[in-house]
Amino acid sequence: MALSTARSFLSEACYGEQELDANSALLELDKGLRSGKLGEQCEAVVLFPKLFQKYPFPILINSAFLKLADIFRLGNNFLRLCVLKVTQQSEKHLEKILNVDEFVKRVFSVIHSNDPVARAITLRMLGSLASIIPERKNAHHNIRQSLDSHDNVEVEAAIYAAASFSAQSKDFAAGICNKVSEMIQGLDTPVELKLNLIPMLQHMHHDASLASSSRELLQHLVDSYPSTPMVIVTLHTFTQLAASSLIHIPKQLQLLLQYLKDDCRKAVKRLAINDLKLLAKKAPHLWRREDTQTLCECALSSPYNSLKLGMLAVISTLSGTIAIKHYFNKTPGSSQVPPRLTDLVKLAQESCYHSNLWVSGHGVIVLTNITLSGPDKDMVQLEQDTLLALQSLVMLCSQDHSPSAQATLKTALTSLVKLLKNRPHLSQSAVEFLLEQLHVSCDLSRVSMCHALAAIASHLPVLGDSMLGDLLDLYRVASHSSTDKQQELLVSLATVMFVASQSSLSAEVKAVIKQQLESVANGWTVYRIARQASRMGCHELSSELYQSLRTRVASEHFYFWLNSLKEFSQAEQCLSHIQDGDYSGALSAIAEALRSYQKGIASLTAASTPLSPLSFQCDLMKLRMDTVQALSQLLCTCNSLKTSPPPAIATTVALTSGNELQRCGRISMQMKVCMDEFRSLAARYADLHQSSFDADCATLRNVELQQQSCLMVSYVIEALILDPQAASSFQECDSPGGLQTESEFERRMLSVFTKVLEEVEGLSKKHPPVSYLHTGCLCNAVIALLKVPLSIERYFFQKLQSTSIKLALSPSPRSPAEPIPVQSSQQLTLKVEGVVQHGSSPGLFRKIQSVCLSVTTTLQSKSGADHKVAMDAKTNEMEQRVEPHNDYFSTQFLLNFSVLGTHAVTVEASVVDQSGTEWKTGPRTSLCVKSLEDPYSQQLRLQLQQGPQAQAQRGGPFPRF
């Protein structure tokens, strides 16, 4: 009964279920541990990792591990094995054990058992704890003793423990190295034991002398024991040691290449290739030209496809790094060889047309990276060779359904997209080839090719309306069946058509898409196509698709979600119908769009749940609505120049007051209000950007563009009307010419920025403010911005990366409303602990480098004498940065509460990524502290108060008779 409660308790709580606290979970598991049945005890033990995952704070983890240590000490070997597995699974939580000595003492008591299996499990347990007890001498001593045991199970466990401690402790590694060396070279040591002992030497990298002595031993073993198993184990240990010590990598490269070239055993060659790939990833900058040349010669001369494939995998890894630059750099004293005549290019070109598809895939990767690594003038012919090789491989693989062909096709298409992104002049012919190839390819290949077409067209506008006919024909063919492959193809083809139409779908295209979707597509496919339409700015079609989906969902939250998307699409559709110069029509379209935005935000709020609050979505659409509202207000302000021109005495008033803005009349003050509003919107966009740590790069770029549009409008207002001298000092917007656009939305926004800024620069130099030319320029800028359809990127619909921080403060109050008492003469030590929690794809876009913790104390209510308190005594701010270790961090703040009364203490966390950018992710937690007067100060104060009263009661120095 207790375990069933614990299981349901530790599972993810559903919406509406109440979660119990951590102590209750631990109590339920403790009941299982104290059960008389072995099965229930084991079941309770294996539930502990879930407990640690759900409540990863030291107080609970310390208590739980102490209970597990008792089970390890008193239980049988099977229970000990379960505890060992739990410890190994919970390795990242070991450093949170507070009573390490007590925990190790309970575990270590089993090492003196007469049962060798119990001792072996204990040794493995100690090895798992090496990260928190690296310098425990009693553990070192027992591991050394157990290496001499006559029981094979105990010896294997001792080897595992010795390897773990060698990786953590320099002293242990230095002390055990000689013993391991003696055992390996001893004649009485079995070969199997030697094979287990040799990998321990990879951890002897703590200093140069230890690493050198270990390399000498390994070199002696390679020369003395030429058998295949021994050479394989020794060479791999050699590589691991070199990768850790770094200084020996060049020597190790020569050794591995020597075995690859001279040893005839395929197993040894395969091991050498795997280790070379490891070193290529670890330190590509240490590969000399001679090393790469030797590897190319081996690949060219190898008759075995499997070995050639492995060597090409190493070269493809190197080709994307600095090693390729080293290869083509001219060395002193040698003649310059054209890139096309080198062995590396020869190998890549031969491999591209190899009969083995995997070899061909690596060949095109190498050839593409070579083409992109050199100057354009040296690679003209190589560019054509690369494009031809890629097209040949795509043509070959696109008609084959096998998994190997499809994997190679994706590799070739990825390389093609990379080539065209850096060599745009090749894109037109490549896109035409892909469109032709779509007609003769299988369905699986068509999906991959459509993805490639969309990726190419998102960077370069190479898909035109003339190509829509072929895409529509393919779309009609793809909708003849309703299999999963066909559904995927429908989405891919629709995406390519959206990119080709550039957010202005014709009536024919919309009719074909809707007709085919109604016949064969399921609801999920329709939703995915509508989502892509929203992303590409085709809001008229997406509005209709969302409308059709609203009544096909089973949850009211989904209904409100789809209804909000429909309203947002309708709002953007209204804005897309605005015509240049039609200011009254623009105002009516904006009013209609604002009504749809209000409805959409209301539906979006109704769609949110406690588990899915949709905060980013709500903030983004509120900002969009406020931006459109501000643009509408700016249009009305510009029109006010006609309805309320400057009075006749405006010039006189300006001269009298010394304020030149008075010359423009009331429009100047209205424009100042508009400028402040746009700057406020830009600040809100910046806050939204800073709080979106988990967003993809495209979503963040869109937020930046909308922020820059607000900054640009505020700059235009200032440059044209408020301060014409500011026209040359605008720095907020990036220079459009220096950026490589990533989407159609970005291209159109940067085009608007360029056009508006050029017009402002010409106008501000020719005409003084304010005239109809100035207001007309502002109105044209507003309409140009409104006509760019909003691109709703992936993060609005789907969160691929999830990162959250959970904080725990101590001391903590007994109840949420109760303040923590502290005497005014003392300081409060506030301990802040936290854990970083990740989703299924941690670090997909960015990783946490450190956590910034800021503590703010504010005086809420003052008690005691009513005297004035300085502002610095009312508020106190402190900040610290801590680096999480195994997703856990802890720090302390020393807070002073010298002013009597109630203080609010607020702790806010933000994260810093690997590039040094700070993100306001939260959370924000607070507690209440009540500052009390200490007894000594209270006694002094009472004495001071009682002194005059006693003197008054006794009378003055001349008492009356």
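How many salt bridges does the count come to? The count comes to 33 salt bridges. The model is a predicted one.

1. Glutamate 102 and arginine 106 form a salt bridge, 2.8 Å from N to O. They sit 4 residues apart in helix α7 (residues 100-108), so about one helical turn separates them. Glutamate 102 is partly exposed, at 31% relative accessible area. Arginine 106 has 19% and is buried, because buried means under 20%.

2. Arginine 624 pairs with glutamate 572 in a salt bridge, and their closest N and O atoms are 3.0 Å apart. Arginine 624 is in helix α33 (residues 615-643) and glutamate 572 in helix α31 (residues 556-576), so this pair ties together parts 52 residues apart in sequence. Both arginine 624 and glutamate 572 are buried.

3. Arginine 747 and glutamate 744 also meet in a salt bridge, at 3.0 Å from N to O. Both lie in helix α37 (residues 744-766), 3 residues apart, or about one turn of the helix. Arginine 747 counts as buried, with 17% relative accessibility.

4. Salt bridges with shared partners link Asp70, Arg73, Glu102 and Arg106 into one network.

5. Now helix α29. This helix covers residues 523-536 and has 14 residues. From first C-alpha to last it reaches 20 Å, close to the 20 Å expected. Helix α29 is mostly covered, with 11 of its 14 residues buried. Among them are Val526, Tyr527, Ile529 and Met536.

6. Look at the ends of α29. Asparagine 522 caps the N-terminal end, with a side-chain oxygen 3.3 Å from the backbone nitrogen of tryptophan 524. Just after the helix, glycine 537 takes a positive phi of about 85°.

Definitions and conventions:
Residues are numbered from 1 along each chain as its sequence is written. This is a predicted model: local features need pLDDT of at least 70, side-chain atom pairs count only at pLDDT 80 or more; totals for chains, interfaces and linings use all residues. Side-chain values use heavy atoms; hydrogens and water are left out. Helices (H or I, at least four residues) and strands (E, at least two) are DSSP runs, numbered from the N terminus. The expected span of a helix is 1.5 Å times one less than its number of residues. Buried means under 20% relative accessible area, exposed over 50%, partly exposed in between (1.4 Å probe, protein chains only). A polar contact is a pair of N or O atoms within 3.5 Å; within protein, one must be able to donate a hydrogen and the other to accept it, and residues adjacent in sequence count only if both atoms are side-chain atoms. A salt bridge is a side-chain nitrogen of Lys or Arg within 4 Å of a carboxyl oxygen of Asp or Glu.
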